[in-house]
Amino acid sequence: MSALIALVLAAVLGVAAPAAAASTAKVASGAGAPGSSASTKTLVLYDSTGAYSWLGEDYAMMATNLVSHFGAWTAHPVDSYTAGELSKYSAVVYVGSTYDEPIPAAFLDDVLGTTKPVLWLYDNIWQLTARSADFASRYGYTWKGFDTSAVAKVDYKGTALTRDTRNNAGIMDTVIYDTAKAVSVADAVRPDGSKFPWGVRSGNLTYIGELPFSYITSNDRYLAFADLLYDALAPRTAARHRALVRIEDVGPDADPAQLRAIADYLSSRKVPFTVAVYSRYRDPKGVNNHGKAEDYTLRQRPLVVSALKYMQSKGGTLLMHGYTHQLDSLNNPYDGVSANDFEFFRAHVDAGDAVIYDGPVRNDSAAGVTARVTASRTDWQQAGLSQPTIFEPPHYAASALDYKTFNTLFGVRYDRGLYFPGVLSGAAVDNSVAHMVGQFFPYTVRDVYGSTVIPENIGNIEPEPFNQHPAVLPADLVANAKANLAVRDGVASFFYHPYLGTSYLRQTVEGIQGLGYTFVAAAAMTG
């Protein structure tokens, strides 16, 4: 069973940042994702003062991850901006997360003077308008104030995207004076049905009235921002909609007949697929074996190995899904059984039946991660399987150190990542689960750990509710895929457990194909 990552982090509003000295955070940079433009480079600026500086960095990491799809990037706090800096870049994204963050006049003047695309998110737009005596007449709009209505929907180019109403930070309302100069890029819908601009574009300046990175789900307004980046960074991109499917949690204990049936169905639909394989099955407490411990590897289950090779012959690509998909003999968080538990992160189930992340494993180290990967590679070799080139951490969870180590060992992940303050700023990494964020992607990126990330963005089938998560059926995944059509060159990528049989798989695959998606292999996302 794969845990669903809670991509929930409350946005902060109305926290006045105290005056601060110039940031000492380093300038970070990263390469673009495979297939991105060699000439495109984005500057990402973020808030770094006050009690919530960590949040500014979190949101900046999410922004840099997305812009990497288009090309290289550089990121640093806005307070260290120097005059003329943005002229070196294709576009600039300013992530305004702290109310009244001190913004250098040089940045304000360069924004007002440039013809390059500028995306300004959320706070401190008032500092920009105050810097221009004729902002309203020049740009055709101005800000009014934060609207804290319980907006549950954002209409973007004919697609109704969701918005979590627990997000009560507000959306900046704007008034458009001149529709020849300013247009709404999307509309926020209040509970009474009335609308106001969620974002406004005027010339080269696009202003988004909230931070689109909080409370993100597979079908919400985050997708609008992901698509708007094309306007700034790759406006000539043609529409293309690809899909991916990953067969999840396949270990030595798998049922070979189920694996073959899955392969036969997908092959019949000409659907390439990926298989997430852990090489060693452990049940140290005998949970599934009448109290008797079990421990065996792929080599000891030749019928499973044969089925995996059969899946490869039918268009399957095998990736490494950890080593044991559990951790020692710990309940982490369930029972210590492979495929149930986390391997590279600690977690527990609380009294309310929610999975709570606890942080890195004890004695977390690059050497420890490498040892587990090396042991798994040995298992693959002994089973007669070719070495995998893609990694997926169990339940997608790991520490920043682990993710960096995965990058050195593989360079390609297929997951949703966790991101921690300090990774971008160069400060000591804060592995606090209260400060980490999770992110999925609607297209390939090269994230702040340096890894190419093949996206998984619409979830998986769960016929029964678990751990406070509702049941998820094929219709739900198809609906998520439909929402993702809003991203002009985006994907609909899901994972599926083979023990569910082929009926749910058929409904999902054919429903997604019915929307116009074409299924591709994982390799198509890394070229």
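This is a predicted model: local features need pLDDT of at least 70, side-chain atom pairs count only at pLDDT 80 or more; totals for chains, interfaces and linings use all residues.
Biologist: Which residues of helix 6 meet which residues of helix 7?

Modeller: On the side of helix 6 they are P256, L259, R260, I262, A263 and D264, and on the side of helix 7 they are L303, V304, S306, A307, L308, Y310 and M311. Contact here means heavy atoms within 4.5 Å. By class, the residues of this contact divide into ten nonpolar, one polar and two charged. Ala, Val, Leu, Ile, Met, Phe, Trp, Tyr, Cys and Pro count as nonpolar, Asp, Glu, Lys and Arg as charged, and the others, Gly among them, as polar.

Biologist: Why are helix 6 and helix 7 called roughly parallel?

Modeller: Helix 6 (residues 256-268) and helix 7 (residues 302-313) pack at about 5°, and their axes are 9 Å apart. Angles under 35 degrees count as roughly parallel, over 145 as roughly antiparallel, 65 to 115 as roughly perpendicular and the rest as oblique. The two helices are therefore roughly parallel to each other. The axes are lines fitted to C-alpha atoms, for helices over the stretch in contact, and angles run from 0 to 180 degrees between N-to-C directions. Helices (H or I, at least four residues) and strands (E, at least two) are DSSP runs, numbered from the N terminus.

Biologist: What makes R246 count as buried?

Modeller: R246 is found in strand 13 (residues 242-250). Its relative accessibility is 0%. Buried means under 20% relative accessible area, exposed over 50%, and partly exposed in between (1.4 Å probe, protein chains only). R246 is therefore buried. Leaving out residues up to four places away in sequence, R246 touches several residues, including T274, L319, Y396, E456 and F494.

Biologist: How do you know that R246 makes a polar contact with E392?

Modeller: The two side chains come to 3.2 Å. A polar contact is a pair of N or O atoms within 3.5 Å; within protein, one must be able to donate a hydrogen and the other to accept it, and residues adjacent in sequence count only if both atoms are side-chain atoms. The pair of R246 and E392 is accordingly listed as a polar contact.

Biologist: Why is T162 called partly exposed?

Modeller: T162 lies in strand 8. Its relative accessible area is 30%, and T162 is therefore partly exposed. The side chain of T162 also makes a polar contact with the side chain of N219 at 2.9 Å. The C-alpha atoms of T162 and A152 are separated by 5.7 Å, although the two residues are ten residues apart along the chain.

Biologist: What makes strand 1 and strand 8 edge strands of their sheet?

Modeller: The open sheet has ten strands in the order 1-3-2-4-5-12-11-10-7-8, with mixed pairing. Strand 1 (28-30) and strand 8 (159-162) each have a single partner strand, so one side of each is left without a neighbour in the sheet. On average, neighbouring strands of this sheet are turned by 20° against each other, direction ignored.

Biologist: How do you know that strand 1 and strand 3 pair?

Modeller: Two strands pair if DSSP finds at least two bridges between them. Strand 1 and strand 3 (residues 72-77) have three bridges, in the antiparallel sense. One of the partner pairs is A28 with A75. By contrast, strand 2 and strand 4 run parallel, joined by five bridges.

Biologist: What makes strand 4 mostly covered?

Modeller: Six of its six residues are buried. A91, V93 and V95 are on one side, and V92, Y94 and G96 are on the other.

Technical notes:
Residues are numbered from 1 along each chain as its sequence is written. Side-chain values use heavy atoms; hydrogens and water are left out.
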